[in-house]
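Dear colleague,

Please find below the structure that I am handing over to you. My findings follow directly after it, and I would ask you to read them with the model open.

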Amino acid sequence: MTRLVRWGAWAVAVFAVALSVVLASRFGGDPNLVESPLIGRPAPAIDLPRLDGAGSEALTAGDGSIVVVNFFASWCLECRTEHADLVAIAEGFRDSGVRVVQVAFQDDVTAANRFLDELGRSPSTLYLDDPGGRAAIAFGVFGVPETYFVDPDGIVVGKIQGEANALLLGQTIDAIRRGEDPGQQVVGDVQSSPDG
Amino acid sequence: MSTPLEQAEQARLDLEELQAQVASGEIDAETGARLRATYQREIELAEARSERPPAAGQSRSRTRVAAGALVLLTAIALTAVVLSQTLEPDPDRALQGIAATGTFEPGDYSDETLEAVVAAYSDDPTVAGQLPYMRFALAERYFERNDFQRAFTHYEAILQRDPAPDLFASTMTRIAWITFIGNGEVDLSLQVIDRAIEAMPTSTEALYVKGQILWCGAGDAGSAAVLFELVLTSDQLDPVTRAQVERDLTAAAAGEPCT
């Protein structure tokens, strides 16, 4: 009986150590490096209001297109820098079965529209509001800018965390078109709130 | 040498082929309309001279287009030499401002990606040295597909940004070719190719293309032969290109019309 208790105590200790190692590696490090749990899973099916106020749109249409979902905010410096690249990507892939959707993250509609008025819009991009952060929560957005890639079957196959550029965005889309899963790429910091 | 009636028949076949090319989008409507007018004029001319033999060395559109396909392939082989020299790993020319990966290899990216990059970075001074080469690589893809309209847009953009002499010469060579094969403008294409040679006197592709225009467009086989001879002095030609230029030299030196 004593031996059994000793064995049980030893097993519990080993389990505790193992658990602490797992938890430490999962939560104790840089949260930027945690792989998005959404990769490999179907994209969240959410309807969001358009930033221009003209009704609402499905985030991912399920029409066989590759969908690039970018979360941005008017208060995010990196978002300003990458915006022209997103517009260029939307235009470059306009007739190639790729849809770009930009979702305002923790931003008010007026500020987000002012940001787009200043930096430009692509006629082929959907600009959406995310009241209550439903889409951000569903995608597990940690901060902005973050960009998700949904394949023609509606599966999230890629994510760029941090400021992307046209070459990286295009390279990721090219990989998806070749049937590859680009996975997660951390290229820079993200801001989780206007205060940083 | 075919008879005027055979020439008229050939021009009719060209016309049919052209209609199919326009319908499939291979040739844009504007170019198609221009070529259609040319072929119809040739039919009328050939029928009018059906009692007379055609003048020696006179070029016809069919011959020119066939030769065009040939010169195009050869010119691309020559371009490959130019590009591989230009885009080989060179830290100063790597697109480090855009891609953290360093060296940029255009073949790794789709047309759409290259279009997006040149659009987003066309005014970025940090990549001003590299971007024209990326744009040229993109234009070459359109040029190889005979999509001259798209290619021209990028060639024009390259010229607007004061390119290096090698790039200027290659770009002007393409424009000369488009002017010749797309628009049938022999004199103008010769003026353009002369600008290319002026900027880069050793450009084998420019010399070769000028030879082709002189031979197939102006019917000047003798001057073409001189240029082909000059091209063959280059040690940069791959064996296939060299063999092609040698065949052209033999034919032009013998005073044969281009085929």
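In this predicted model, Cys76(A) and Cys79(A) are linked by a disulfide, with an S to S distance of 2.3 Å. The link between Cys76(A) and Cys79(A) is right-handed, with 85 degrees about the S-S bond. Cys76(A) and Cys79(A) are both buried.

The search of the whole structure gave 2 disulfides over all chains. In chain B, the sulfur atoms of Cys216(B) and Cys258(B) are 2.4 Å apart and form a disulfide. Cys216(B) belongs to helix 9 (residues 204–217) of chain B, whereas Cys258(B) is in the segment after helix 11 (239–253) of chain B, so this pair ties together parts that are 42 residues apart in sequence. Both cysteines of this pair, Cys216(B) and Cys258(B), are buried.

I turn next to the interface of the two chains. Here 15 residues of chain A are in contact with 14 residues of chain B. The size of an interface is often given as the accessible area lost when the parts come together. For chain A and chain B, the area buried between them is about 1,100 Å², and 61% of it is on carbon and sulfur atoms.

How many salt bridges are there between chain A and chain B? The count is 1 salt bridge, in which the side chains of Arg177(A) and Glu112(B) meet at 2.9 Å, N to O. Between chain A and chain B there are also 6 residue pairs in polar contact, both residues being at pLDDT 80 or more.

On the side of chain A that touches chain B, helix 2 (77–92) and helix 5 (166–177) of chain A each supply at least two residues. The largest share of that side, 6 residues, comes from helix 5 of chain A. Sorted by class, the side of chain A that touches chain B has 6 nonpolar, 5 polar and 4 charged residues.

Finally, I would draw your attention to one residue of chain B. His154(B) is part of helix 6 (residues 148–159) of chain B. Is His154(B) buried or exposed? The relative accessible area of His154(B) is 5%, which is under the 20% cut-off, and therefore His154(B) counts as buried. The side chain of His154(B) makes a polar contact with the side chain of Arg135(B), at 2.9 Å. Not counting residues up to four places away in sequence, His154(B) touches Glu115(B), Val118(B), Arg135(B), Leu138(B), Ala139(B) and Tyr142(B).

Yours sincerely

Conventions: Residues are numbered from 1 along each chain as its sequence is written. Chains are lettered from A and ligands numbered from 1 in the order in which they are written. This is a predicted model: local features need pLDDT of at least 70, side-chain atom pairs count only at pLDDT 80 or more; totals for chains, interfaces and linings use all residues. Side-chain values use heavy atoms; hydrogens and water are left out. Contact means heavy atoms within 4.5 Å. Buried area is the accessible area (1.4 Å probe) that two parts lose on being put together, summed over both. A salt bridge is a side-chain nitrogen of Lys or Arg within 4 Å of a carboxyl oxygen of Asp or Glu. A polar contact is a pair of N or O atoms within 3.5 Å; within protein, one must be able to donate a hydrogen and the other to accept it, and residues adjacent in sequence count only if both atoms are side-chain atoms. Helices (H or I, at least four residues) and strands (E, at least two) are DSSP runs, numbered from the N terminus. Ala, Val, Leu, Ile, Met, Phe, Trp, Tyr, Cys and Pro count as nonpolar, Asp, Glu, Lys and Arg as charged, and the others, Gly among them, as polar. Buried means under 20% relative accessible area, exposed over 50%, partly exposed in between (1.4 Å probe, protein chains only). A disulfide is a pair of cysteine sulfur atoms within 2.5 Å.
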